[in-house]
Amino acid sequence: MAKLINRRKFIKYQAAGLLCLASSGIIRPGWLMAQPMPDIAVVKGSPGTAARAAVELLGGMSRFVKKGSRVIIKPNMSFPVGPERASNTHPEVVKELAVMCRQAGASRVSILDNPLAPQELCLEKSGIADSCRPVDDKMVHMVTNSSQYKETDIPKGQSLTKTDIMKDVLNADVIIAAPVAKSHSGAGVSLCMKGMMGLIYDRMIMHRLDLHTGIVDLATVLKPDLALIDATRVLSTGGPGGPGKVLKMDTIIASTDMVAADAYAVSAFEWYGKQYKPSQVKHIREAHNRGIGRMDIENLDIKTITV
């Protein structure tokens, strides 16, 4: 007897079939983009291919980037280590995002971070500068000079009420969060929301305040248009710099809601040898309660495909 499938499984199979037809040229990408878009796109595959497919499931990069847009991509590239360590975003993920932004008509794409180690070493060892050089050899920058930041009020801040944010970020039309999924000794996990700390000058002040509330405060002014988590490798212990236990998950998670993307990543993988609910991470719970995004992923539409 034929088995009944629930709505989520039906959408998953439907999405996989449509993406296959689009890639084969049987249907037009525009037709695919006209289909209902999920709240969260989950794609299993190699880093660059899965990143592109995840963005396509959300409607394609042109949904976010218009002709002439100034785009900021914020990956993790703060540590002088290669992709195998899972402390930095995979270079192929960052490159594919940059290529998609250019194809959508962006006038400027800047890949920025405020590193925790010597910038030249981070640029070299992370592999991100080399990977993106064929796209534009001037798009990857470590921003370490205080003159490149501007003091900014955080009107809804409860712990962090003002901070110095990169001027390029304040002047951008589109922000894309592109962190690697990793554990963090202070915040539990470091995903999209935590990753926004790499766009401010004094990162350490966050640790002197209530770190979790500070992360949420910052999220009230730095809201990425697209959140894409590189979980091709997950640093399950030893984060943020490692070394630690690296899980090879071959997964990309994307959403327009960075809280939802973070919540999904928490629920999907093992952290410190255990499974956790999103509500057990204080800054995710607080962001949900303050209306910044949703952690109730059981009520969201999630499309999962393999490419």
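## About the model

Because this is a predicted model, local features need pLDDT of at least 70 and side-chain atom pairs count only at pLDDT 80 or more, while totals for chains, interfaces and linings use all residues. Residues are numbered from 1 along each chain as its sequence is written, and side-chain values use heavy atoms, leaving out hydrogens and water.

## Two nonpolar cores

Let's start inside. A nonpolar core here is a set of buried Ala, Val, Leu, Ile, Met, Phe, Trp, Tyr and Cys residues joined through side-chain atoms within 4.5 Å. Buried means under 20% relative accessible area, exposed means over 50%, and partly exposed lies in between (1.4 Å probe, protein chains only). In soluble globular proteins, nonpolar side chains tend to be buried together.

The largest nonpolar core has 53 residues, and Ile40, Val169 and Leu218 touch the most other members. Helix α11 (residues 258-268) gives the most to this core, with 8 residues. Helices (H or I, at least four residues) and strands (E, at least two) are DSSP runs, numbered from the N terminus. Leaving aside neighbours within four places in sequence, Leu218 is in contact (heavy atoms within 4.5 Å) with Ile154, Leu160, Thr163, Met196, Met197, Ile200 and Met206. A second, separate core of 42 residues includes Ala50, Val55, Ala104 and Ala178.

Helix α3 spans residues 47-57 and is mostly covered, with 8 of its 11 residues buried. Those buried residues are Pro47, Gly48, Ala50, Ala51, Ala53, Ala54, Val55 and Leu57. Just after α3, Gly59 takes a positive phi of about 115°.

Two packed helices are described by the angle between their axes and the distance between the axes. The axes of α3 and α4 come within 8 Å and cross at roughly 45°. That makes α3 oblique to α4. Axes are lines fitted to C-alpha atoms, for helices over the stretch in contact, with angles from 0 to 180 degrees between N-to-C directions. Angles under 35 degrees count as roughly parallel, over 145 as roughly antiparallel, 65 to 115 as roughly perpendicular and the rest as oblique. On the α3 side, the contact is made by Pro47, Gly48, Ala51, Arg52 and Val55. From α4 come Glu92, Val93, Glu96, Leu97, Val99, Met100 and Gln103.

## Backbone spots worth a look

The loop between β10 (226-235) and β11 (246-255) holds Pro240, and Pro243 is placed in the loop between β10 and β11 too. The peptide bond from Gly239 to Pro240 is cis, with omega near 15°. A cis peptide bond also joins Gly242 and Pro243, with omega about 5°.

Ala86 is not a glycine, yet has a positive phi of about 65°. You will find Ala86 in the loop between β2 (70-75) and α4 (91-103), where Ala86 counts as buried at 0% relative accessibility. Asp250, also a residue other than glycine, has a positive phi near 50°. Asp250 lies in strand β11 and counts as partly exposed at 29% relative accessibility.

## Cysteines

How many disulfides does the structure hold? There are 0 disulfides, a disulfide being a pair of cysteine sulfur atoms within 2.5 Å. Cys122 is buried, with a relative accessible area of 0%, and Cys192 counts as buried at 1% relative accessibility.
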